[in-house]
Amino acid sequence: MSSKDLKMFRVIVLLSFLVIRASSLNNHSFPNNFMFGVATASYQIEGGWDADGKGENMWDWWTHTFPEKISNRYSGDVTCDSYHLWRDDVEMLKHLGVNHYRLSISWSRVLPEGTTNYVNQKGVEYYRNLFQALLDNGITPLVTIYHWDLPQPFNELGGWMNPLIVDYLGDYARVCFQLFGDLVKNWITINEPQTTCLQGYTQGYKAPGYANEGEGIYLCAYTHVLAHARAYHIYDEEFRALQNGTISIVLDSSWSEPASDSDKDLEAAETQMEFILGLYANPIYNGNWPRVVIDRVGTRSLLEGYSKSRLPEFTQEQIDYVKGTYDFFALNTYATNLIYHQIDVNQSIGKASYFLDSGTGSKTDPSWKTVVGWVNDVPWGFRKLLNWVSEHYKRPDIFITENGWSDYTGELNDQDRIEYIGNYLSAILDAIYEDGINILGYTVWTLMDNFEWQVGYSQKMGLYYVDFDSPNRTRTPKASAEWFAGVIRGRCLLDQCEN
Ligand code: NOJ
(Lines give C-alpha, C1' and ligand atoms only; values in the text may rest on other atoms or scores of the structure.)
Protein backbone atom coordinates (compact mmCIF):
# COMPACT_ATOMS: atom_id res chain seq x y z
CA MET A 1 0.00 0.00 0.00
CA SER A 2 1.25 3.53 -0.76
CA SER A 3 1.42 5.94 2.18
CA LYS A 4 -1.57 7.83 0.72
CA ASP A 5 -3.62 4.61 0.62
CA LEU A 6 -2.49 3.78 4.10
CA LYS A 7 -3.66 7.19 5.39
CA MET A 8 -7.00 6.72 3.69
CA PHE A 9 -7.28 3.25 5.18
CA ARG A 10 -6.61 4.62 8.69
CA VAL A 11 -9.35 7.23 8.26
CA ILE A 12 -11.75 4.48 7.24
CA VAL A 13 -10.81 2.41 10.28
CA LEU A 14 -11.42 5.43 12.51
CA LEU A 15 -14.82 5.93 10.91
CA SER A 16 -15.68 2.32 11.56
CA PHE A 17 -14.99 2.83 15.26
CA LEU A 18 -17.33 5.80 15.25
CA VAL A 19 -20.09 3.87 13.49
CA ILE A 20 -19.78 1.03 15.98
CA ARG A 21 -19.80 3.47 18.90
CA ALA A 22 -23.03 4.99 17.69
CA SER A 23 -24.84 1.67 17.67
CA SER A 24 -26.63 -0.04 20.52
CA LEU A 25 -24.02 -2.47 21.73
CA ASN A 26 -23.84 -3.80 25.26
CA ASN A 27 -21.75 -1.43 27.39
CA HIS A 28 -20.30 -3.92 29.85
CA SER A 29 -16.60 -4.79 29.88
CA PHE A 30 -15.68 -8.35 29.06
CA PRO A 31 -14.73 -10.28 32.20
CA ASN A 32 -11.01 -10.20 32.98
CA ASN A 33 -10.44 -13.85 32.18
CA PHE A 34 -12.51 -13.79 28.95
CA MET A 35 -10.32 -15.03 26.07
CA PHE A 36 -10.26 -13.39 22.63
CA GLY A 37 -8.79 -15.31 19.73
CA VAL A 38 -8.84 -16.30 16.09
CA ALA A 39 -9.01 -19.72 14.42
CA THR A 40 -7.58 -21.58 11.43
CA ALA A 41 -7.20 -25.22 10.38
CA SER A 42 -4.24 -27.11 8.94
CA TYR A 43 -5.57 -28.00 5.48
CA GLN A 44 -6.99 -24.52 4.99
CA ILE A 45 -3.78 -22.56 5.62
CA GLU A 46 -0.66 -24.74 5.68
CA GLY A 47 -0.06 -25.80 2.08
CA GLY A 48 3.13 -27.90 1.85
CA TRP A 49 0.82 -30.76 1.03
CA ASP A 50 3.67 -33.22 0.38
CA ALA A 51 6.52 -31.27 2.01
CA ASP A 52 9.13 -32.98 4.19
CA GLY A 53 7.50 -36.39 4.24
CA LYS A 54 3.86 -35.44 4.86
CA GLY A 55 1.45 -38.21 3.84
CA GLU A 56 -1.66 -37.84 1.68
CA ASN A 57 -4.93 -36.97 3.35
CA MET A 58 -8.54 -37.17 2.24
CA TRP A 59 -8.62 -33.54 1.03
CA ASP A 60 -5.39 -33.94 -0.94
CA TRP A 61 -6.95 -36.95 -2.62
CA TRP A 62 -10.34 -35.26 -3.14
CA THR A 63 -9.00 -32.02 -4.65
CA HIS A 64 -6.49 -33.86 -6.85
CA THR A 65 -8.87 -36.57 -8.04
CA PHE A 66 -12.02 -34.49 -8.47
CA PRO A 67 -10.83 -30.92 -9.11
CA GLU A 68 -14.22 -30.12 -10.65
CA LYS A 69 -15.79 -30.43 -7.17
CA ILE A 70 -14.01 -27.25 -6.01
CA SER A 71 -14.73 -23.72 -7.28
CA ASN A 72 -12.14 -22.83 -9.91
CA ARG A 73 -10.56 -26.28 -9.45
CA TYR A 74 -8.45 -24.95 -6.58
CA SER A 75 -6.86 -27.02 -3.81
CA GLY A 76 -5.06 -26.48 -0.52
CA ASP A 77 -1.71 -27.54 -2.04
CA VAL A 78 -0.16 -24.15 -1.25
CA THR A 79 -3.02 -21.98 0.09
CA CYS A 80 -1.57 -19.41 2.61
CA ASP A 81 1.69 -21.42 2.74
CA SER A 82 1.73 -21.27 6.52
CA TYR A 83 3.93 -24.36 6.56
CA HIS A 84 6.70 -21.99 5.45
CA LEU A 85 5.27 -18.61 6.53
CA TRP A 86 4.12 -19.45 10.06
CA ARG A 87 6.35 -16.75 11.53
CA ASP A 88 4.28 -14.17 9.63
CA ASP A 89 1.16 -15.68 11.17
CA VAL A 90 2.62 -15.27 14.65
CA GLU A 91 3.41 -11.61 13.89
CA MET A 92 -0.21 -11.08 12.85
CA LEU A 93 -1.47 -12.72 16.04
CA LYS A 94 0.80 -10.44 18.05
CA HIS A 95 -0.51 -7.42 16.19
CA LEU A 96 -4.07 -8.44 17.00
CA GLY A 97 -3.12 -8.99 20.64
CA VAL A 98 -5.13 -12.22 20.87
CA ASN A 99 -5.20 -14.30 24.04
CA HIS A 100 -5.50 -17.59 22.16
CA TYR A 101 -5.01 -19.06 18.72
CA ARG A 102 -7.14 -22.01 17.66
CA LEU A 103 -5.30 -24.13 15.07
CA SER A 104 -5.24 -27.78 14.07
CA ILE A 105 -2.61 -30.47 13.64
CA SER A 106 -2.43 -32.20 10.27
CA TRP A 107 -2.63 -35.91 11.12
CA SER A 108 -0.70 -36.92 7.97
CA ARG A 109 2.06 -34.41 8.63
CA VAL A 110 2.82 -36.07 11.97
CA LEU A 111 1.86 -39.65 11.07
CA PRO A 112 2.26 -39.87 7.26
CA GLU A 113 0.53 -43.24 7.03
CA GLY A 114 -2.05 -42.36 9.66
CA THR A 115 -0.87 -45.16 11.93
CA THR A 116 1.66 -44.76 14.74
CA ASN A 117 4.35 -46.97 13.19
CA TYR A 118 6.11 -44.00 11.63
CA VAL A 119 6.39 -40.48 13.09
CA ASN A 120 7.57 -37.69 10.78
CA GLN A 121 10.09 -35.67 12.80
CA LYS A 122 9.87 -32.69 10.43
CA GLY A 123 6.17 -32.46 11.08
CA VAL A 124 6.71 -32.68 14.82
CA GLU A 125 9.33 -29.90 14.65
CA TYR A 126 6.97 -27.69 12.68
CA TYR A 127 4.27 -27.83 15.34
CA ARG A 128 6.63 -27.63 18.30
CA ASN A 129 8.27 -24.49 16.87
CA LEU A 130 4.89 -22.93 16.26
CA PHE A 131 3.48 -23.78 19.70
CA GLN A 132 6.66 -22.53 21.36
CA ALA A 133 6.53 -19.23 19.42
CA LEU A 134 2.92 -18.74 20.52
CA LEU A 135 3.80 -19.37 24.16
CA ASP A 136 6.82 -17.06 23.93
CA ASN A 137 4.41 -14.32 22.92
CA GLY A 138 1.83 -15.00 25.59
CA ILE A 139 -0.64 -16.62 23.18
CA THR A 140 -2.39 -19.78 24.37
CA PRO A 141 -2.61 -22.51 21.72
CA LEU A 142 -6.07 -24.10 21.52
CA VAL A 143 -5.35 -27.14 19.41
CA THR A 144 -7.75 -29.21 17.34
CA ILE A 145 -6.45 -32.74 16.94
CA TYR A 146 -8.64 -33.49 13.93
CA HIS A 147 -10.06 -30.86 11.57
CA TRP A 148 -11.34 -32.87 8.57
CA ASP A 149 -8.04 -33.95 6.99
CA LEU A 150 -8.34 -37.71 7.51
CA PRO A 151 -5.27 -39.70 6.35
CA GLN A 152 -6.15 -41.16 2.96
CA PRO A 153 -5.41 -44.79 3.99
CA PHE A 154 -8.30 -44.50 6.47
CA ASN A 155 -10.57 -42.91 3.91
CA GLU A 156 -9.94 -45.99 1.77
CA LEU A 157 -11.33 -48.07 4.63
CA GLY A 158 -14.61 -46.12 4.45
CA GLY A 159 -13.54 -43.19 6.60
CA TRP A 160 -16.04 -42.17 9.25
CA MET A 161 -18.49 -44.88 8.15
CA ASN A 162 -16.03 -47.39 9.63
CA PRO A 163 -16.00 -47.61 13.45
CA LEU A 164 -12.36 -48.83 13.33
CA ILE A 165 -11.49 -45.14 12.99
CA VAL A 166 -12.24 -44.87 16.71
CA ASP A 167 -9.06 -46.83 17.47
CA TYR A 168 -6.95 -44.95 14.94
CA LEU A 169 -8.11 -41.54 16.15
CA GLY A 170 -7.39 -42.59 19.72
CA ASP A 171 -3.87 -43.74 18.83
CA TYR A 172 -3.19 -40.50 16.97
CA ALA A 173 -4.55 -38.39 19.84
CA ARG A 174 -2.22 -40.21 22.25
CA VAL A 175 0.74 -39.35 20.01
CA CYS A 176 -0.33 -35.69 20.04
CA PHE A 177 -0.54 -35.64 23.85
CA GLN A 178 2.89 -37.33 24.09
CA LEU A 179 4.59 -35.08 21.55
CA PHE A 180 2.98 -31.73 22.32
CA GLY A 181 1.30 -32.00 25.72
CA ASP A 182 4.11 -30.15 27.49
CA LEU A 183 3.29 -27.09 25.34
CA VAL A 184 -0.42 -27.51 24.66
CA LYS A 185 -2.88 -27.44 27.55
CA ASN A 186 -6.12 -26.86 25.70
CA TRP A 187 -7.30 -29.54 23.33
CA ILE A 188 -10.20 -30.05 20.95
CA THR A 189 -10.60 -33.67 19.87
CA ILE A 190 -12.62 -33.21 16.66
CA ASN A 191 -14.01 -30.26 14.70
CA GLU A 192 -17.68 -30.01 13.68
CA PRO A 193 -18.76 -33.62 13.10
CA GLN A 194 -22.18 -32.30 12.05
CA THR A 195 -20.74 -30.60 8.99
CA THR A 196 -18.56 -33.57 8.07
CA CYS A 197 -21.40 -36.05 8.46
CA LEU A 198 -23.94 -33.91 6.61
CA GLN A 199 -21.87 -32.52 3.77
CA GLY A 200 -19.29 -35.32 3.39
CA TYR A 201 -21.34 -38.47 4.06
CA THR A 202 -24.99 -37.47 3.39
CA GLN A 203 -24.99 -34.80 0.67
CA GLY A 204 -21.54 -35.56 -0.68
CA TYR A 205 -20.29 -32.17 -1.74
CA LYS A 206 -17.37 -32.22 0.67
CA ALA A 207 -14.76 -34.98 0.86
CA PRO A 208 -15.15 -37.93 0.73
CA GLY A 209 -18.26 -37.31 -1.37
CA TYR A 210 -20.69 -39.94 -0.11
CA ALA A 211 -24.32 -39.12 -0.92
CA ASN A 212 -25.91 -41.59 1.47
CA GLU A 213 -29.04 -39.87 2.77
CA GLY A 214 -30.45 -42.81 4.68
CA GLU A 215 -27.56 -44.06 6.78
CA GLY A 216 -24.59 -41.78 6.11
CA ILE A 217 -25.15 -39.23 8.81
CA TYR A 218 -25.99 -41.74 11.54
CA LEU A 219 -23.06 -44.07 10.95
CA CYS A 220 -20.75 -41.08 10.70
CA ALA A 221 -22.14 -39.50 13.88
CA TYR A 222 -21.81 -42.82 15.73
CA THR A 223 -18.12 -43.16 14.84
CA HIS A 224 -17.36 -39.51 15.64
CA VAL A 225 -18.99 -39.59 19.05
CA LEU A 226 -17.14 -42.78 20.02
CA ALA A 227 -13.82 -41.52 18.63
CA HIS A 228 -14.16 -38.28 20.58
CA ALA A 229 -14.87 -40.24 23.76
CA ARG A 230 -11.85 -42.45 23.14
CA ALA A 231 -9.52 -39.44 22.79
CA TYR A 232 -11.09 -37.82 25.86
CA HIS A 233 -10.58 -40.92 28.01
CA ILE A 234 -6.99 -41.34 26.85
CA TYR A 235 -6.26 -37.77 27.92
CA ASP A 236 -8.17 -38.15 31.14
CA GLU A 237 -6.59 -41.42 32.18
CA GLU A 238 -3.05 -41.17 30.81
CA PHE A 239 -2.18 -37.47 30.63
CA ARG A 240 -4.42 -35.15 32.60
CA ALA A 241 -2.71 -35.61 35.96
CA LEU A 242 0.69 -34.84 34.44
CA GLN A 243 -0.24 -32.21 31.90
CA ASN A 244 -3.09 -30.50 33.66
CA GLY A 245 -5.06 -29.40 30.61
CA THR A 246 -8.63 -29.37 29.30
CA ILE A 247 -10.26 -31.21 26.41
CA SER A 248 -13.60 -31.11 24.57
CA ILE A 249 -15.16 -31.46 21.12
CA VAL A 250 -16.21 -28.57 18.82
CA LEU A 251 -19.87 -28.83 17.84
CA ASP A 252 -21.58 -26.53 15.36
CA SER A 253 -25.14 -25.36 15.10
CA SER A 254 -27.21 -22.59 13.66
CA TRP A 255 -30.17 -21.40 15.75
CA SER A 256 -33.56 -22.92 14.78
CA GLU A 257 -36.24 -20.28 15.28
CA PRO A 258 -39.84 -21.51 14.92
CA ALA A 259 -41.26 -20.07 11.69
CA SER A 260 -44.61 -19.40 13.43
CA ASP A 261 -46.27 -19.73 16.86
CA SER A 262 -48.15 -22.87 15.82
CA ASP A 263 -47.55 -25.89 18.04
CA LYS A 264 -46.32 -27.84 15.03
CA ASP A 265 -43.69 -25.25 14.15
CA LEU A 266 -42.59 -24.90 17.78
CA GLU A 267 -42.10 -28.65 17.94
CA ALA A 268 -40.38 -28.71 14.55
CA ALA A 269 -37.82 -26.11 15.65
CA GLU A 270 -37.00 -28.13 18.77
CA THR A 271 -36.76 -31.32 16.70
CA GLN A 272 -34.43 -29.59 14.26
CA MET A 273 -32.10 -28.57 17.11
CA GLU A 274 -31.95 -32.20 18.21
CA PHE A 275 -31.24 -33.48 14.69
CA ILE A 276 -28.49 -30.90 14.11
CA LEU A 277 -26.85 -30.38 17.49
CA GLY A 278 -28.40 -32.98 19.79
CA LEU A 279 -27.26 -35.87 17.60
CA TYR A 280 -23.69 -35.13 18.70
CA ALA A 281 -24.16 -33.21 21.94
CA ASN A 282 -26.73 -35.38 23.68
CA PRO A 283 -24.60 -38.55 23.87
CA ILE A 284 -21.71 -36.51 25.28
CA TYR A 285 -23.55 -34.18 27.67
CA ASN A 286 -26.65 -36.19 28.66
CA GLY A 287 -26.08 -39.77 27.49
CA ASN A 288 -27.43 -41.55 24.38
CA TRP A 289 -29.02 -40.07 21.23
CA PRO A 290 -31.83 -37.55 21.71
CA ARG A 291 -35.17 -39.27 22.34
CA VAL A 292 -36.87 -37.59 19.38
CA VAL A 293 -34.14 -38.80 17.00
CA ILE A 294 -34.36 -42.38 18.32
CA ASP A 295 -38.15 -42.33 17.93
CA ARG A 296 -38.42 -40.70 14.53
CA VAL A 297 -35.62 -42.63 12.79
CA GLY A 298 -36.77 -45.88 14.41
CA THR A 299 -40.40 -45.44 13.36
CA ARG A 300 -39.57 -44.46 9.82
CA SER A 301 -36.96 -47.23 9.37
CA LEU A 302 -39.52 -49.89 10.28
CA LEU A 303 -42.15 -48.35 8.01
CA GLU A 304 -39.56 -48.34 5.22
CA GLY A 305 -39.07 -52.08 5.65
CA TYR A 306 -35.76 -52.12 7.52
CA SER A 307 -35.46 -54.78 10.19
CA LYS A 308 -34.04 -52.25 12.66
CA SER A 309 -33.41 -48.54 12.94
CA ARG A 310 -30.99 -46.87 10.54
CA LEU A 311 -29.66 -45.11 13.65
CA PRO A 312 -27.05 -47.44 15.22
CA GLU A 313 -27.95 -48.37 18.77
CA PHE A 314 -25.44 -47.59 21.52
CA THR A 315 -24.90 -50.34 24.11
CA GLN A 316 -25.32 -49.29 27.75
CA GLU A 317 -21.56 -49.59 28.09
CA GLN A 318 -21.05 -47.16 25.19
CA ILE A 319 -23.62 -44.74 26.59
CA ASP A 320 -21.74 -44.65 29.89
CA TYR A 321 -18.37 -44.40 28.13
CA VAL A 322 -19.40 -41.35 26.09
CA LYS A 323 -21.47 -39.51 28.68
CA GLY A 324 -19.56 -36.77 30.48
CA THR A 325 -16.58 -36.64 28.12
CA TYR A 326 -16.24 -32.86 28.15
CA ASP A 327 -14.56 -30.12 30.12
CA PHE A 328 -16.55 -27.29 28.49
CA PHE A 329 -18.90 -26.78 25.54
CA ALA A 330 -17.03 -25.62 22.40
CA LEU A 331 -19.52 -24.06 19.98
CA ASN A 332 -19.22 -22.86 16.38
CA THR A 333 -22.10 -20.84 14.95
CA TYR A 334 -22.81 -18.51 12.06
CA ALA A 335 -26.54 -18.18 11.40
CA THR A 336 -30.22 -18.47 12.30
CA ASN A 337 -32.87 -20.33 10.29
CA LEU A 338 -36.67 -20.35 10.42
CA ILE A 339 -37.93 -23.89 10.95
CA TYR A 340 -41.38 -25.19 10.12
CA HIS A 341 -43.23 -28.49 10.26
CA GLN A 342 -43.15 -30.26 6.90
CA ILE A 343 -44.24 -33.89 7.24
CA ASP A 344 -45.54 -36.16 9.97
CA VAL A 345 -43.35 -39.06 11.06
CA ASN A 346 -45.36 -41.63 9.08
CA GLN A 347 -45.68 -39.56 5.91
CA SER A 348 -43.74 -39.79 2.61
CA ILE A 349 -42.42 -43.25 3.34
CA GLY A 350 -40.34 -44.57 0.45
CA LYS A 351 -36.98 -42.94 0.36
CA ALA A 352 -34.80 -43.33 3.45
CA SER A 353 -33.54 -39.85 4.22
CA TYR A 354 -32.18 -37.87 7.13
CA PHE A 355 -34.12 -34.85 5.86
CA LEU A 356 -37.42 -36.72 5.92
CA ASP A 357 -36.54 -38.22 9.31
CA SER A 358 -36.61 -34.80 10.97
CA GLY A 359 -39.75 -33.84 9.05
CA THR A 360 -38.78 -30.18 9.14
CA GLY A 361 -38.33 -27.45 6.57
CA SER A 362 -35.96 -24.50 6.79
CA LYS A 363 -35.93 -20.98 5.37
CA THR A 364 -34.55 -17.58 6.31
CA ASP A 365 -36.03 -14.12 6.60
CA PRO A 366 -35.12 -12.03 3.56
CA SER A 367 -34.67 -8.98 5.79
CA TRP A 368 -31.71 -10.57 7.62
CA LYS A 369 -28.38 -9.26 6.47
CA THR A 370 -26.27 -11.75 4.52
CA VAL A 371 -23.80 -11.80 1.64
CA VAL A 372 -23.03 -15.48 1.09
CA GLY A 373 -26.36 -16.90 2.27
CA TRP A 374 -25.19 -19.37 4.91
CA VAL A 375 -24.00 -16.62 7.30
CA ASN A 376 -26.57 -14.10 8.54
CA ASP A 377 -26.36 -11.29 11.04
CA VAL A 378 -28.98 -12.34 13.61
CA PRO A 379 -27.40 -11.82 17.05
CA TRP A 380 -30.66 -12.45 18.95
CA GLY A 381 -30.67 -15.95 17.41
CA PHE A 382 -27.14 -16.46 18.69
CA ARG A 383 -28.23 -15.45 22.20
CA LYS A 384 -31.15 -17.90 22.05
CA LEU A 385 -28.75 -20.62 20.94
CA LEU A 386 -26.49 -19.91 23.92
CA ASN A 387 -29.48 -20.21 26.23
CA TRP A 388 -30.66 -23.42 24.56
CA VAL A 389 -27.21 -25.01 24.94
CA SER A 390 -27.01 -23.89 28.54
CA GLU A 391 -30.44 -25.30 29.42
CA HIS A 392 -30.09 -28.60 27.55
CA TYR A 393 -26.56 -29.53 28.55
CA LYS A 394 -26.41 -28.81 32.29
CA ARG A 395 -25.17 -25.22 32.11
CA PRO A 396 -21.66 -25.98 30.91
CA ASP A 397 -18.99 -23.31 30.48
CA ILE A 398 -19.24 -22.31 26.82
CA PHE A 399 -16.33 -21.39 24.57
CA ILE A 400 -17.17 -19.89 21.17
CA THR A 401 -14.58 -21.60 19.00
CA GLU A 402 -15.75 -20.12 15.66
CA ASN A 403 -17.89 -17.24 14.47
CA GLY A 404 -17.34 -14.81 11.62
CA TRP A 405 -18.53 -13.12 8.47
CA SER A 406 -18.06 -14.20 4.87
CA ASP A 407 -17.92 -12.11 1.70
CA TYR A 408 -16.82 -12.67 -1.88
CA THR A 409 -14.40 -9.80 -2.34
CA GLY A 410 -12.07 -9.86 0.64
CA GLU A 411 -12.49 -6.07 0.77
CA LEU A 412 -10.10 -4.27 3.11
CA ASN A 413 -12.74 -1.90 4.38
CA ASP A 414 -14.89 -4.75 5.71
CA GLN A 415 -17.51 -2.84 7.68
CA ASP A 416 -20.04 -5.70 7.47
CA ARG A 417 -17.61 -7.99 9.27
CA ILE A 418 -17.01 -5.40 11.99
CA GLU A 419 -20.74 -4.95 12.46
CA TYR A 420 -21.43 -8.69 12.58
CA ILE A 421 -18.64 -9.51 15.05
CA GLY A 422 -19.58 -6.49 17.17
CA ASN A 423 -23.21 -7.62 17.29
CA TYR A 424 -22.30 -11.20 18.21
CA LEU A 425 -19.86 -10.07 20.90
CA SER A 426 -22.58 -7.83 22.27
CA ALA A 427 -24.94 -10.84 22.40
CA ILE A 428 -22.26 -12.65 24.40
CA LEU A 429 -22.20 -9.81 26.93
CA ASP A 430 -26.02 -10.00 27.14
CA ALA A 431 -25.78 -13.74 27.76
CA ILE A 432 -23.10 -13.30 30.42
CA TYR A 433 -24.60 -10.38 32.32
CA GLU A 434 -28.33 -10.82 31.77
CA ASP A 435 -28.75 -14.57 31.30
CA GLY A 436 -26.03 -15.69 33.72
CA ILE A 437 -24.26 -17.96 31.24
CA ASN A 438 -20.56 -18.56 31.74
CA ILE A 439 -18.83 -17.87 28.43
CA LEU A 440 -15.10 -18.42 28.50
CA GLY A 441 -14.03 -16.93 25.21
CA TYR A 442 -14.71 -15.95 21.63
CA THR A 443 -12.83 -16.97 18.50
CA VAL A 444 -13.12 -15.26 15.11
CA TRP A 445 -13.09 -17.50 12.08
CA THR A 446 -10.59 -16.68 10.69
CA LEU A 447 -7.13 -15.14 11.00
CA MET A 448 -6.76 -14.71 7.22
CA ASP A 449 -8.58 -15.55 4.00
CA ASN A 450 -7.92 -19.19 3.23
CA PHE A 451 -9.08 -22.37 1.45
CA GLU A 452 -12.80 -22.55 2.19
CA TRP A 453 -13.32 -26.21 1.22
CA GLN A 454 -15.64 -26.77 -1.76
CA VAL A 455 -15.86 -23.05 -2.55
CA GLY A 456 -12.08 -22.78 -2.78
CA TYR A 457 -10.93 -19.18 -2.39
CA SER A 458 -14.19 -17.61 -3.58
CA GLN A 459 -15.51 -16.87 -0.08
CA LYS A 460 -13.32 -14.81 2.23
CA MET A 461 -13.60 -14.75 5.99
CA GLY A 462 -10.24 -13.42 7.19
CA LEU A 463 -9.30 -10.47 9.37
CA TYR A 464 -6.31 -10.35 7.01
CA TYR A 465 -6.50 -10.31 3.24
CA VAL A 466 -4.18 -12.77 1.50
CA ASP A 467 -2.86 -12.12 -2.00
CA PHE A 468 -2.96 -15.64 -3.43
CA ASP A 469 -1.22 -14.45 -6.61
CA SER A 470 1.92 -13.32 -4.80
CA PRO A 471 4.61 -15.95 -4.20
CA ASN A 472 4.95 -14.87 -0.57
CA ARG A 473 1.18 -14.83 -0.05
CA THR A 474 1.26 -11.24 1.21
CA ARG A 475 -1.07 -10.69 4.16
CA THR A 476 -2.72 -7.26 4.66
CA PRO A 477 -4.82 -6.32 7.69
CA LYS A 478 -8.43 -5.45 6.92
CA ALA A 479 -10.29 -2.76 8.88
CA SER A 480 -11.73 -5.58 11.02
CA ALA A 481 -8.22 -6.59 12.17
CA GLU A 482 -7.54 -3.11 13.55
CA TRP A 483 -11.02 -2.93 15.06
CA PHE A 484 -10.72 -6.37 16.72
CA ALA A 485 -7.29 -5.43 18.11
CA GLY A 486 -8.93 -2.36 19.66
CA VAL A 487 -11.71 -4.42 21.24
CA ILE A 488 -9.15 -6.80 22.74
CA ARG A 489 -7.07 -3.91 24.10
CA GLY A 490 -10.08 -2.17 25.65
CA ARG A 491 -12.03 -5.35 26.50
CA CYS A 492 -15.05 -3.29 25.55
CA LEU A 493 -17.18 -2.72 22.42
CA LEU A 494 -17.70 0.99 22.99
CA ASP A 495 -15.66 4.02 23.87
CA GLN A 496 -16.03 3.31 27.54
CA CYS A 497 -17.62 0.42 29.39
CA GLU A 498 -19.11 -0.34 32.77
CA ASN A 499 -17.40 -3.04 34.75
C1 NOJ B 1 -16.48 -24.43 9.81
C2 NOJ B 1 -15.13 -25.08 9.81
O3 NOJ B 1 -14.70 -25.51 11.06
C4 NOJ B 1 -14.09 -24.29 9.07
O5 NOJ B 1 -13.16 -25.18 8.58
C6 NOJ B 1 -14.75 -23.48 8.00
O7 NOJ B 1 -13.82 -22.86 7.16
C8 NOJ B 1 -15.61 -22.43 8.66
N9 NOJ B 1 -16.55 -23.05 9.58
C10 NOJ B 1 -16.37 -21.56 7.67
O11 NOJ B 1 -17.13 -22.33 6.84
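## Two domains

The chain of this predicted model is divided into two domains. Domain 1 is made of four stretches: 3-24, 35-252, 326-335 and 370-490. Domain 2 is made of two: 256-314 and 338-369. The centres of domain 1 and domain 2, taken over C-alpha atoms, are 27 Å apart.

## Overall form

The secondary structure of the chain consists of 17 helices and 13 strands. Along its principal axes, the C-alpha trace spans about 70 × 55 × 50 Å.

## Where the domains meet

How many residues of each domain are in contact with the other? On one side, 41 residues of domain 1 take part, and they touch 33 residues of domain 2.

The size of an interface is often given as the accessible area lost when the parts come together. Here, domain 1 and domain 2 bury about 3,200 Å² between them. Carbon and sulfur atoms hold 67% of that area.

## Polar links across the interface

Polar contacts also cross this interface. There are 16 residue pairs in polar contact between domain 1 and domain 2, with both residues at pLDDT 80 or more.

Which elements give two or more residues to the side of domain 1 that touches domain 2? They are the helices α9 (193-200), α10 (216-243), α15 (379-392) and α16 (415-433), along with the strands β5 (246-252) and β7 (329-332). Helix α10 gives the most, with eight residues. By type, the residues on this side of domain 1 divide into 25 nonpolar, eight polar and eight charged.

## Salt bridges

Side chains of opposite charge can pair when their charged atoms come close. A search of the whole structure finds 26 salt bridges. Across the interface of domain 1 and domain 2, there are four.

Two pairs can be looked at by name. Lys 351 and Glu 213 meet through their side chains in a salt bridge, at 3.3 Å from N to O. Asp 182 forms another with Arg 128, and their closest N and O atoms are 2.8 Å apart. Asp 182 lies in the loop between α8 (165-180) and β4 (186-191), while Arg 128 is in helix α6 (residues 121-136), so this pair ties together parts that are 54 residues apart in sequence.

## Backbone details

Look at three spots in the loops. The first topic is cis peptide bonds. One runs from Ala 207 to Pro 208, with omega near 5°. Pro 208 lies in the loop between α9 and α10. Another cis peptide bond joins Trp 445 and Thr 446, with omega about 20°. Thr 446 is in the loop between β11 (439-445) and β12 (464-466).

The next topic is a backbone angle. What is the phi of Arg 73, positive or negative? Arg 73 is not a glycine, yet its phi is positive, at about 60°. Arg 73 sits in the loop between α3 (58-65) and α4 (82-96).

Definitions and conventions: Residues are numbered from 1 along each chain as its sequence is written. Side-chain values use heavy atoms; hydrogens and water are left out. Domain bounds come from an automatic or database domain assignment. Contact means heavy atoms within 4.5 Å. Buried area is the accessible area (1.4 Å probe) that two parts lose on being put together, summed over both. A polar contact is a pair of N or O atoms within 3.5 Å; within protein, one must be able to donate a hydrogen and the other to accept it, and residues adjacent in sequence count only if both atoms are side-chain atoms. Helices (H or I, at least four residues) and strands (E, at least two) are DSSP runs, numbered from the N terminus. Ala, Val, Leu, Ile, Met, Phe, Trp, Tyr, Cys and Pro count as nonpolar, Asp, Glu, Lys and Arg as charged, and the others, Gly among them, as polar.
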